[in-house]
Number of protein chains: 6
Amino acid sequence: MEHTELGVVHTRVDRADPEVVEALGGFGVATVHEAMGRVGLMRPYLRPVYRGARLCGTAITVLLQPGDNWMLHVAAEQLREGDVVVAACTTESEDGFFGDLLATSFRGRGAVGLVIDGGVRDVADLEEMDFPVFARAINAKGTVKATLGSVNVPVVCANALVRPGDVVVGDIDGVVVVPRERAAEVAAAAGRREANEESKRERFRAGVLGLDLYSMRGPLAELGLRYED
Amino acid sequence: MEHTELGVVHTRVDRADPEVVEALGGFGVATVHEAMGRVGLMRPYLRPVYRGARLCGTAITVLLQPGDNWMLHVAAEQLREGDVVVAACTTESEDGFFGDLLATSFRGRGAVGLVIDGGVRDVADLEEMDFPVFARAINAKGTVKATLGSVNVPVVCANALVRPGDVVVGDIDGVVVVPRERAAEVAAAAGRREANEESKRERFRAGVLGLDLYSMRGPLAELGLRYED
Amino acid sequence: MEHTELGVVHTRVDRADPEVVEALGGFGVATVHEAMGRVGLMRPYLRPVYRGARLCGTAITVLLQPGDNWMLHVAAEQLREGDVVVAACTTESEDGFFGDLLATSFRGRGAVGLVIDGGVRDVADLEEMDFPVFARAINAKGTVKATLGSVNVPVVCANALVRPGDVVVGDIDGVVVVPRERAAEVAAAAGRREANEESKRERFRAGVLGLDLYSMRGPLAELGLRYED
Amino acid sequence: MEHTELGVVHTRVDRADPEVVEALGGFGVATVHEAMGRVGLMRPYLRPVYRGARLCGTAITVLLQPGDNWMLHVAAEQLREGDVVVAACTTESEDGFFGDLLATSFRGRGAVGLVIDGGVRDVADLEEMDFPVFARAINAKGTVKATLGSVNVPVVCANALVRPGDVVVGDIDGVVVVPRERAAEVAAAAGRREANEESKRERFRAGVLGLDLYSMRGPLAELGLRYED
Amino acid sequence: MEHTELGVVHTRVDRADPEVVEALGGFGVATVHEAMGRVGLMRPYLRPVYRGARLCGTAITVLLQPGDNWMLHVAAEQLREGDVVVAACTTESEDGFFGDLLATSFRGRGAVGLVIDGGVRDVADLEEMDFPVFARAINAKGTVKATLGSVNVPVVCANALVRPGDVVVGDIDGVVVVPRERAAEVAAAAGRREANEESKRERFRAGVLGLDLYSMRGPLAELGLRYED
Amino acid sequence: MEHTELGVVHTRVDRADPEVVEALGGFGVATVHEAMGRVGLMRPYLRPVYRGARLCGTAITVLLQPGDNWMLHVAAEQLREGDVVVAACTTESEDGFFGDLLATSFRGRGAVGLVIDGGVRDVADLEEMDFPVFARAINAKGTVKATLGSVNVPVVCANALVRPGDVVVGDIDGVVVVPRERAAEVAAAAGRREANEESKRERFRAGVLGLDLYSMRGPLAELGLRYED
């Protein structure tokens, strides 16, 4: 893994297998997060900017400077079909780094969405285009193009480490990162988990208690839980 | 009133009268809050997790430990038709304590919604089920089942005191708690208030000023308000 | 410009030209903000209280005291067709200063919306009425009518200076203030900007890179950006 | 327990035993909180306004309206030697409700400190007087005297329930409330806990591991913790 | 008043009278704020970066871009003896715009302190130099010198309007802005207020109640306050 | 680099060279951050819990579960002279994970401090011991020992990636992480930077402007900065 540094663009990205990416896209974020062993989740302040936004793809990473979106243009050239741009910032910033023009450009180059630890604008257009974006703020404040960041270095975005080529899945519950080496294993585990949940759902619908379904009464009693009338 | 303590489940709940609960459910939260004399409102960081969520029911209270949703399963057994689960936490936590499986279980036992000073997940499913939830965060982060909390002790949820059996009303404007002893009186006052508002609305629509409708010009002048050209 | 002071209502307002206001209303907030030279934007914590809320009008300014909405009633009398009420507070407050009755009154007097650095309630009614409101919180907590503020003094709302008669534009991207003296110039610049964007959008759609469209490769190389395989 | 309501002053307060209060004052807040079974802690956003502030006393409770400190003057009359004023607010407010004049008045009536879910000012004077205050903000913004709250009703302050006469302990680690009925029991448990800690401290100093001191190796292995080289 | 715009330095500043500035410096911020009629206070998130920091001087205003401190160097040239630099930012930013080198430069040019709606660093050095700074964050993150802001335009800093030459007073209670035209009047009112407070302090110390000192019993009874045993 | 996972303790740590660690400890955090090329800084919400706290050492990393400090005891066994414990959490949590007993234990095993993306307590004791701690909150709320995390896996703490053996430097300006492979290079660069700063400081003291010292007048003019009288 290269170090995080400023002023460099890595042009070679080792992307996760497209079939596995597609498989992961079929699961919800909560399921993927569970299947990974509960690591890799971004902080919940990242939210979809419109209801119904969902994405799954391979990460092209960007390290931005505050108030400067130049590197997003640099990143556009590195995009391939099925990529998601994951943009971190060297500091906390809620400026509007991204709008409908860049969304048009990213889509024109094959991107399927954006995850950004910053703000975005032109949100009505993004919704109309159905270009899914997960951001920390909606903000009309524009940015400049004056300072260097990097593209395709490892970045920390909303407290999660993302390397180029990792799989990123986002829906209403949040955004999770699956390291490319673990993608196949996680997709398989997610599938098993989902199958398992359906049978439980049926039982809960019928009024069966989790206390019984999961045999919790013993352990609870052992820890000293007491019932009082 | 028993003290708040950990490791206990009270199985007897003195619930508010169902007819009064139904009556309260016919009013908006702002109206109920006014009718109570402006006390009992939860902090506004609790938000419905989908547009249109509304609930009114009798409280089954839960005291959770951070990152641990075990007590929600314990609470499920105590639910009766028309109950709302009100879950407080011993500390600030935004983990995803609750998802579609527990929602199915709660509904299977008669619950009409959840108010939680914490996070929830599977929000797309909750919306599809139309199971109303008021929470402080949406978060895919799951929880464990390892430590004891309590069920049906008085809890403080989002800065409001809730006792088992109290009435809880939630809509887009927030969540308000009506002590069960005051429920009938509050429902009556809410009804009077609403009747009163309709006539005012008519006058405002016609362009009558609040300054005149409420005879405010005198008191304002007395306090020294001056008009300048 | 008069100083900000408490206890005064200015009855004469020098409003921006209605035709220019209408022209500005045809642009998005991000476009207007760019056309102004990137000043005049309110902080992004002000959000529309329902999806699709949009407004553009001339400001009637209000300085509120915390937890007290009396001055909103005083302001109602100063409204003319096409005005937007811009309400600042002498301190941070998230109480519900405004609800459906005041919305009815404001509309009855010609107002086309509200921008408030505080909370509002009756949000379901506001959406049904389609009365656009931009606020910092949704909160059922009511307010009193006990202390004097001011109407039509210059106010600072969400960190932006607003004078009576200035143009205020709000949409999903935020709220921007255009000083009335600059309104015509800004509308013209916004028009030019929008025309310019359409042609770019076309090129981006075709896969042209911003790197080439904006001739960025030279400046980036000069600053030392390097590409690595 | 009376309900929380506005516009009432309860003049009779059943205070905790002074000897027990004094005993509790000898322990740190973390110790008292543990001794209570980990309930009763206020949210950690309440902070001492100067380094070294500490307090322990019996609660005189106040329910304030936002931006209005009138009830603090009403509360002054109810103070007895050794009381702590605990001021909640009907909503979130960070105004400066309290300053050196009220501190002088409270001290003149026997109070030993203030806990307030709001702001305070004249902090340099408070430090010079060594009048301990725990607050959510420091803020020069003054308040008015225009609306009624209550004195000596149960209040929820920073998410903790406080009844008149309960014991309140504050230090750098936070603020904890001990119900008066439990005060003696908690003081005894705190004493046992402190004795127990001293012997542990000695062992830790000598390099003994908590893993061994608390026999944690077995349970950890059972849960599956594995060591890798 | 000129408009706020980017890319301009105004070299002529109409400063408040030095004697009045000195007089204002003798009062606390809370007193000045009261004397002004309770307007002009910056939001309380601005805090002194070390205990004991205090300042009073005439404003040299700066409008910064996020993550860019170039304009602080431009502002240095405009400083005169007794000035305070007041730095606003076009957006929310907590980067470390300012450190010990700039503090040395500002002091070398006569400045007596800094108020910044952003972050600063080298705080240990600032304390050692006793160069008073009021900031929203302490942050080692450095900034670049790449984009234009402005110097000596009116700015909105922490929600308060500041024009070049206005008086800025800061202490532990916050930061207040006095328009230069009102400076003399405010200093006089502050003096009267302080004299008045000393006599009250004496009475409070002796146990006299505010209820009696301010004749509050009548108005409280009239509003319906009731005492219950 | 191993993946982040739960339930594992890595016992072999490749620590940075002690001499380089010592060298880095001689610089302030802002200087180290600059010398690294402005990457590696933790978010500024991590603050020293007492004035004057400073640390520099090699990281033993811990991944905690919310409200559970068990892994801190597990980590104690892995400590060597000169280590700093860096504790991340799988979610946002402000509980008091750490107090004076663990501080005594850590010091007894050679640790020189703690950086934790969570809360701590017994802060008066920590200050008296002068055991430096950087935390996101001070909180008396205790934690349990019930669930597995990990020790010496890569963690993301306050948005910075930390691997076991990396160098961590903390002072009043924040906390920065230096990858062990870059430690020597960064220490050298920090030294050069500091030497360079001293000469500048001298010139600033004498009133030389940064505009001249850094030859900024040309570039500013080129970007269009204009001076107006």
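Author: Gladly! Let us begin with a term: a residue is buried when its relative accessible area is under 20%, exposed when over 50%, and partly exposed in between, using a 1.4 Å probe and protein chains only. Here A:N159 is buried, with a relative accessible area of 9%.

Reader: Before we go on, what kind of model is this, and how are its parts numbered?

Author: This is a predicted model, where local features need pLDDT of at least 70 and side-chain atom pairs count only at pLDDT 80 or more, while totals for chains, interfaces and linings use all residues. Residues are numbered from 1 along each chain as its sequence is written, chains are lettered from A and ligands numbered from 1 in the order in which they are written, and side-chain values use heavy atoms, leaving out hydrogens and water.

Reader: Is B:S215 buried or exposed?

Author: B:S215 counts as exposed, at 54% relative accessibility. B:S215 also has a positive phi, about 50 degrees, without being a glycine. Look for B:S215 in the loop between α7 (210-213) and α8 (217-223) of chain B.

Reader: How many helices and strands are there in chain A?

Author: Chain A has eight helices and 12 strands. Its C-alpha trace spans about 70 × 35 × 35 Å along the principal axes. Of the 229 residues in chain A, 66% are buried.

Reader: How do I read the packing of two helices?

Author: Helix α6 (residues 183-205) of chain B and helix α4 (residues 100-108) of chain C pack at about 20 degrees, with axes 7 Å apart. Angles under 35 degrees count as roughly parallel, over 145 as roughly antiparallel, 65 to 115 as roughly perpendicular and the rest as oblique. So α6(B) and α4(C) are roughly parallel to each other.

Reader: Which residues of α6(B) and α4(C) make the contact?

Author: Contact means heavy atoms within 4.5 Å. From α6(B) come B:E197, B:K200, B:R201, B:F204 and B:R205, and from α4(C) come C:D100, C:L101, C:T104, C:S105 and C:G108. By class there are two nonpolar, three polar and five charged residues. Ala, Val, Leu, Ile, Met, Phe, Trp, Tyr, Cys and Pro count as nonpolar, Asp, Glu, Lys and Arg as charged, and the others, Gly among them, as polar.

Reader: And how do I compare copies of a chain?

Author: Two copies of a chain are related by a rotation about an axis and a shift along it. Copies are superposed by least squares on the C-alpha atoms of residues with pLDDT of at least 70 in both. Chain F can be laid on chain D with an RMSD of 0.0 Å by a turn of 120 degrees and a shift of 0.0 Å along the axis. The two copies are thus related as by a three-fold rotation axis. In chain F, the C-alpha nearest the axis belongs to F:R51, 5.8 Å away.

Methods
Axes fitted to C-alpha atoms, helices over the stretch in contact; angles between N-to-C directions. Helix = DSSP H or I, 4+ residues; strand = E, 2+ residues; numbered from the N terminus.
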